[in-house]
Amino acid sequence: MGELKNIFNRYPEAGRDNLIPILQDIQSAEGHLSKEAIVEVGSYLNIPSSKIFGVATFYNQFRFQPVGKYHIQVCRGTACHVLGSATVLQELEKQLKVKAGDTTRDGLFSIEVVACIGACGLAPVIAINGEFHAKVTAASLTEIIESYKNKEEE
Amino acid sequence: MDFTINVNNKEFQATQGETILEVLNRNGIKVPTLCHLKNSMPTGACRMCVVEDADTGKLITSCSFPANPGMNIKTHSQRVVESRKTIIELLLSNHPDDCLYCVRNKNCELQDLSEEHHVRERKIRGRKNSEKLDLSSASIVRDPEKCILCGRCVTVCEDVMGVACIDIINRGNKSIIGTPFNQGLNTSSCINCGQCIMVCPTGALTEKNHFAEIQDALNNPSKRVVVQYAPSISVSMAEELGMEPGKDINGILNAALRKVGFDNIFDSSFSADLTIMEESAELVQRITDGGVLPMITSCCPGWVKYAEEFYPDLIPNLSSCKSPQQMLGAVIKSYFAEKENLAPEEIYSVAIMPCTAKKFEAQREEMTQAGISDVDAVLTTRELTKFLKLYGIDMFNIQPELTDSPLGFRSTAGKLFGASGGVMEAAIRTAHFKITGKELVNFQIPQIRGLENRKEARLSIGDLDLGVAVVNGMANAKELLDEIKNGRDDIHFIEIMACPGGCIGGGGQHIGTSEEQLRARMKALYKIDENETLKVSHKNPEIIELYNNFLGEPLSHKSHELLHTHYKKREVMI
């Protein structure tokens, strides 16, 4: 909560137009937008929390659960799409049993869909904690996930 | 500045700032709308109201486009009509095909528009959304499958009610209407007022229905099934039955309810009189003993929940009186039960209310005696009409009957509860007698009558200079409450009703209630007050009897046990 105070201090006399910058600051500080944070922002800006949730869910950039230890970004840009990134995402969601935007219950993995991560030559590409994995297929995806799980067990 | 616009080759007057739709409506040209809500900012979300601008060849939404001088509009060109039909087909593309089973069958704007635009097949097949039915609220059921995202519920919840517990969440074809974090309505700040149901064009929002429980009770020979109906019911049903708006069908209603099989028919207007006895005593006590002022009425369960969530600091200002529904419920399961030699659990108590929040109120923990609910089930006005149809009651061929006694006789003061300002007026009449020992010369208090958002008056009662305020519509109440919080102290007594116009405009009323109908209902209540002679609660013989035989006096120990309660801060996401 102290962190929120610091963020609010950066926006004295804030109004509705500061909503998105404030949400962005909170997300970069805390990794996600919690219920508590949304209620706090609501009382600071005098906006109902339903409206804030409405705005925040409009944008892909906001997430409402803490990211996992391994944050997986799935590129859904044009080149990746052409080479089957939809299947990659579907497969990933199936294997981890969570939807994009969510975090696995053990807190290990989270999935985020991103528009283009600028590695079209490697398409379809995913990035795990910033580490790129090129030309992903269903089979290679299983291997990649396993390797991270094994890393955990060691 | 006045100018003309050309519509379908005819010139029409328009004023600067008017929308095209307003010009069309004023001149009797009907353009279909869905998202449009009178008195709110247009959103242009549904596109149903498109017209063709013949100069630019563009289709524009008439609800949000301002009329400009010299405009050339076609409202029913081939292109327009076809576009509207396509819009309906798109809306239907992911709509469930279950009109037959829908509560809004034959009373659905989407259905009407499909019919009007001659949609005869499902041309476009879209993926249905997989959002779950929200049954979490005690009052309101949300079915996202039937939602067409017109956003009227969102608008009314924010603009009229000042609650804003729902909004459009997500984006594009994933958009849905939901609460913060898309949780159940019961965890949100929803006050159950049901105004969202009143504006929903489809069956996406409905009240929670209790027909089965009531029928079970009616069919159970060991249950004594009693019913009470709110002051506004008898003047609000006429439209649903195809009679003139505002017609008072009190006697017919009594007879109809008896035909259905209810064992005893009581009138919540009687317990409105009882509320007045307690509430006016409480007001006088607060004024003389230096209690917390202004005192605020607590008859409206929507307002009570709003106070618990948004104004917990003002809870001490709330009258401790239960609402008439709950007072009568409590008296039925104590005084009446005793009189009839029944155990409270042998009684099944039904209330007919113009209100969805009353369903929530009836199941509140505070509204029980030794674990038994004061009121077992609540029907809205809409549901009552359906219920009467279910039992084949022909309301046009039925002889009027009286309510049962005791607990059925009322003064006109109690009847006034149905309209905004009524509780105040009734309370002043009795408070005046309590303070001065004399009756008012003129019982009418015109300053607090009518449909205005806020009505204020200064009244002289003996030596007392009393400031009173009456507000309806929660958003209007919010403004007044903020003034009070900021130190305004010239008001002693406030009446708050969540719904526009008070209970006559409640969320359980006929869908599509117009302002004219509201006025007719209000007028009907005032007419009853004008025509009848018993105009004050404290002279109601059945009320006097109840105090003599059972309660003792207002604010007695027994009254406190049965008729009063406390509220506390409610933690929800606001």
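Tutor: A nonpolar core is a set of buried Ala, Val, Leu, Ile, Met, Phe, Trp, Tyr and Cys residues joined through C-beta atoms within 7 Å, where buried means that 20 or more other C-beta atoms, placed from the backbone, lie within 10 Å of the residue's own. This is a predicted model, in which local features need pLDDT of at least 70 and side-chain atom pairs count only at pLDDT 80 or more, while totals for chains, interfaces and linings use all residues. Residues are numbered from 1 along each chain as its sequence is written, and chains are lettered from A and ligands numbered from 1 in the order in which they are written.

Student: Okay, which residues touch the most other members of the largest core?
Tutor: The largest nonpolar core has 157 residues, and those touching the most other members are Cys153(B), Cys157(B), Val163(B), Val227(B), Trp303(B), Ile352(B) and Ala498(B). Helix H10 of chain B, residues 268-289, gives the most to this core, with 7 residues; helices here are DSSP runs of H or I, at least four residues, numbered from the N terminus.

Student: And what is Ile352(B) in contact with?
Tutor: Leaving aside neighbours within four places in sequence, Ile352(B) is in contact (C-beta atoms within 7 Å) with Val227(B), Tyr229(B), Ala230(B), Ile233(B), Leu379(B) and Leu384(B).

Student: What does the second core include?
Tutor: That separate core has 14 residues, among them Val74(A), Ile126(A), Val136(A) and Leu141(A).

Student: Switching topic, which residues of H3(A) and H4(A) meet?
Tutor: Ile38(A), Val39(A), Val41(A) and Gly42(A) in H3(A) meet Ser49(A), Ile52(A) and Phe53(A) in H4(A).

How values were computed
Two residues are in contact if their C-beta atoms, placed from the backbone, lie within 7 Å. Helices (H or I, at least four residues) and strands (E, at least two) are DSSP runs, numbered from the N terminus. A residue is buried if 20 or more other C-beta atoms lie within 10 Å of its own, exposed if 12 or fewer, and partly exposed in between; C-beta atoms are placed from the backbone.
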